[in-house]
Amino acid sequence: MSWMLVAAVLLATAGLLVLGVLAVRLWMDVRALAKGVDAASRALAEAAGALAASAAARS
């Protein structure tokens, strides 16, 4: 009967380790996505500034 308890504890530990690894991978993907969104928003802001300057020069 004690081997079933040991197996249950090992399975629970393995499950927590798998969840931890998945959480770290998710965190890394979210950081990469945040960097991409930041770069895109900066590019959009720069393009909007250039468009505004171009429109002001034509007026």
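Trainee: Why is A12 called partly exposed?
Mentor: In this predicted model, A12 has a relative accessible area of 43%, and because the partly exposed class lies between under 20% for buried and over 50% for exposed, A12 is placed in that class.

Trainee: What makes W3 exposed?
Mentor: The relative accessible area of W3 is 62%, and since exposed means over 50%, W3 falls in the exposed class. W3 is likewise found in helix α1, and its C-alpha atom is separated by 67 Å from that of A48, 45 residues apart along the chain.

Trainee: How do you know that the protein is more spread out than a compact globule?
Mentor: The protein has one helix and zero strands. Its radius of gyration is 25 Å, whereas the globule rule gives 10 Å for 59 residues, and because the value is well over that figure, the protein is more spread out than a compact globule. Along the principal axes, the C-alpha atoms fill a box of roughly 85 × 10 × 5 Å.

Trainee: What percentage of the 59 residues counts as buried?
Mentor: The share is 0%, where buried requires a relative accessible area under 20%. The protein exposes about 5,300 Å², of which carbon and sulfur atoms supply 76%.

Trainee: What makes D38 and R42 a salt bridge?
Mentor: Their closest N and O atoms are 3.1 Å apart, and because the cut-off is a side-chain nitrogen within 4 Å of a carboxyl oxygen, D38 and R42 form a salt bridge. By this rule the count comes to one salt bridge. As for their placement, D38 and R42 are four residues apart in helix α1, so they are separated by about one helical turn.

Trainee: Which residues form the nonpolar patch on the surface, and why is L22 called partly exposed?
Mentor: The patch is formed by L16, V18, L19 and L22, which together have about 410 Å² of accessible area. L22, found in helix α1 (residues 2-58), has 45% relative accessibility and therefore counts as partly exposed. Because patch residues need over 30% relative accessible area, the 45% of L22 meets that condition as well.

Technical notes
Residues numbered from 1 in each chain as written. Predicted model: local features only at pLDDT ≥ 70, side-chain atom pairs only at ≥ 80, totals over all residues. Heavy atoms only, no water. Patch = residues over 30% accessible without salt bridge, like charges linked within 9 Å, V, L, I, M, F, W, Y side chains within 5 Å. Areas by Shrake-Rupley, 256 points an atom, 1.4 Å probe, with all protein chains shown as cover. Helix = DSSP H or I, 4+ residues; strand = E, 2+ residues; numbered from the N terminus. Buried < 20%, exposed > 50% of the residue type's maximum accessible area, 1.4 Å probe, protein only. Rg over C-alpha atoms; globule rule 2.2 N^0.38 Å.
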